[in-house]
Amino acid sequence: MAVQEHKHTVRDVSVRLCRDGEGESLLFLHGAGGWPAWGPFFDALARRCQLLVPEHPGFGLSDNPDWIRNVADVAMYYLDFLDALEGPPVHLVGHSLGGWIAAEIAARNTSRIRSLTLIAPAGLRVKGLLSGDNFIWSPEEYARNLFYDQAFAERELAHVPSEQEADIALTNRYMATKLGWEPRWFNPALERWLHRVRVPTLVLWGRDDKLFPSAYAKAWAERLPDSRVDIIPECGHRPHVEKADLSAQKILGFIGGRK
Amino acid sequence: MKFTFFHLMPYRPLDMAERHKHRAAWVVLPNSLYDPKKGADEYAAYIDQLVYAEELGFDVIAVNEHHQTAYGMMPAPNLIASALIQRTKKAKIAVVGRALPLVNNPVYIAEEFAMLDNLSRGRLITGFVRGIGNEYHASGINPFFSHERYQEAHDLIVAAWTRPGPFAFEGTHYNLRYVNLWPRPYQQPHPPIWIPSMGSSETIKWAAAPERKYPFLVTFSGRDLVARYLNMYREQARQFGYEAGGDQLGWASPVYVADTDERAREEARAGIETLFNDFLAVPWEMLLPPGYMSLSSMKNTIKMRKALGSRARHSMEELIESGTVVVGSPRTVRDQLSRLRDATGATNLVTMLQFGVLPDDLTKRNMEMFASEVMPHLR
């Protein structure tokens, strides 16, 4: 089945949505870098699930409503989004900023969620373990710090973006700033409420993540009532890119084992 | 013309080799490079210079705010203004400006300015700015909301100065049940507000609006940009149905005067080049964090920057050529300044006569030469 891209409207907000595969629904929430290019990770998931990958409001070409002021607003948007989806509850997977959003959703209401996977999520602060300062990094530092295998960074740096790609990257950077600058990539209230995430949760992290240290995984595991942690060696902040097949296998294994 | 003597108070003893091991002289520059004994000498020397400017006949002496940087040692410029009030009699004291979005309660800014206005019996000129992008890294304030916070803080401060208190302020970023200024400002309805800016059409339109008519200052820009922005203000005022006065229009520039062009260039070089290349230069990510400019302005800026190519160090010649700095004999300096005045009708000149590592003796001579050989001819 080919990847389908269309406009998806919930109430008065319209976003880009990619859909592929059949079976149980898996909703993937992307990170602050924006709507990911379709790659082997998504292909692997779509072979087993109906994969839904929306582009968050405020990012790329999706609507950018002024009322979205913080991550809590995005989470509320996605509760509407989930209510409007047909079919049974979904497997919710979020990376980085998307992981933070997913956790905020799940802490509010899990009635539309079957399982939760957090890949190197933002959202919690661990005192004494500062996150990397992605806002001060140069483009080169940004690319290099996100990957363990520098070949991925080299590829990103060698890519000359089209005008539209550059505009989208800038739009995404603005939205990332709006949502993540202060407090830097976390919600001080979130840790208090993670006990409400009453679905099985997988916390997946690249061991060599320079944005959010993989030691954060422990803090998540301590607060989530039903969680397991899986740390991927020789891997940076984007396991689904750097270790695409392995990450997909781990997620599918987790989802399958929990049926 | 009206003349302002403006100071940034750079930390001159900075070890430049060490400085260049870091991405900027801002925010991340280790403060172990600051020696308090040398710093105290700097403050004393700079305050003497500001006080001396009154004696030389400058109309205004001015300071401003920057944080966590060797570029300017005034995170709290009102402290310096307060010292200047005690040591001067007639010069206006300008704080141009305070960075409004960086505080979580702008009433404090209104209060402090009201105090300075009382202490000086109405000699205060205020400036409202947003701070350089670096300031958002230093303060943690989200640059995405910089414009919103600026507008709202402005409205709150002006209301605090002019509306009978107590009143409630109901905003988005600022919500206060009681706004009730003690003391109220000395000047009525409130102290003058200057708007220093690198220039943007939105800011110009806002400053020129008939209910504000705030004097606009173009800072640190080449002569073409200065002329363009000042004429934009003039045109904007016409669209609002009035003619902008010369005192509504100004620009700020480093100036150095000596007997001859050659001597001026020789003596100013180190000061000018350290100002632009060592103290001010910061990477793009620090200077323009997302939201500091609107998305559309940012897209234009990126395009312009691509066209210009990446910048190496600025030479003084290049900065003189573009008119970003004015360096030369009294005649050269008079000519350049009067040409820009005539091209724009601006009569508010903000001079920076100490810049970068320029030492005290040259600063003093520069000030004296400017006051005796340039000022009287341009008045």
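1. The structure is a predicted model. In chain A, the secondary structure consists of ten helices and eight strands.

2. The overall dimensions of chain A may be taken next. Its C-alpha trace extends about 45 × 40 × 35 Å along the principal axes.

3. As to the interior of chain A, 47% of its 259 residues count as buried. Among contacts in chain A with a separation of 6 or more, 73% are between residues 24 or more positions apart.

4. At the interface, chain A contributes 13 residues, which are in contact with 15 residues of chain B. The chain A side that touches chain B comprises six nonpolar, three polar and four charged residues.

5. Within chain B, helix α2 (residues 36–55) packs with helix α3 (residues 77–87) at an angle of about 50°, and their axes are 10 Å apart. α2(B) and α3(B) are therefore oblique to each other. The crossing in which α2(B) passes α3(B) is right-handed.

6. The residues that form this helix contact are B:Ile47, B:Leu50 and B:Val51 from α2(B), together with B:Ile80, B:Ala83, B:Leu84 and B:Arg87 from α3(B). By class, the contact of α2(B) with α3(B) has six nonpolar residues, one charged residue and no polar residues.

Conventions: Residues are numbered from 1 along each chain as its sequence is written. Chains are lettered from A and ligands numbered from 1 in the order in which they are written. This is a predicted model: local features need pLDDT of at least 70, side-chain atom pairs count only at pLDDT 80 or more; totals for chains, interfaces and linings use all residues. Two residues are in contact if their C-beta atoms, placed from the backbone, lie within 7 Å. Ala, Val, Leu, Ile, Met, Phe, Trp, Tyr, Cys and Pro count as nonpolar, Asp, Glu, Lys and Arg as charged, and the others, Gly among them, as polar. Axes are lines fitted to C-alpha atoms, for helices over the stretch in contact, and angles run from 0 to 180 degrees between N-to-C directions. Helices (H or I, at least four residues) and strands (E, at least two) are DSSP runs, numbered from the N terminus. Angles under 35 degrees count as roughly parallel, over 145 as roughly antiparallel, 65 to 115 as roughly perpendicular and the rest as oblique. A crossing is left-handed if the near helix is turned anticlockwise from the far one by less than a right angle, and right-handed if clockwise. A residue is buried if 20 or more other C-beta atoms lie within 10 Å of its own, exposed if 12 or fewer, and partly exposed in between; C-beta atoms are placed from the backbone.
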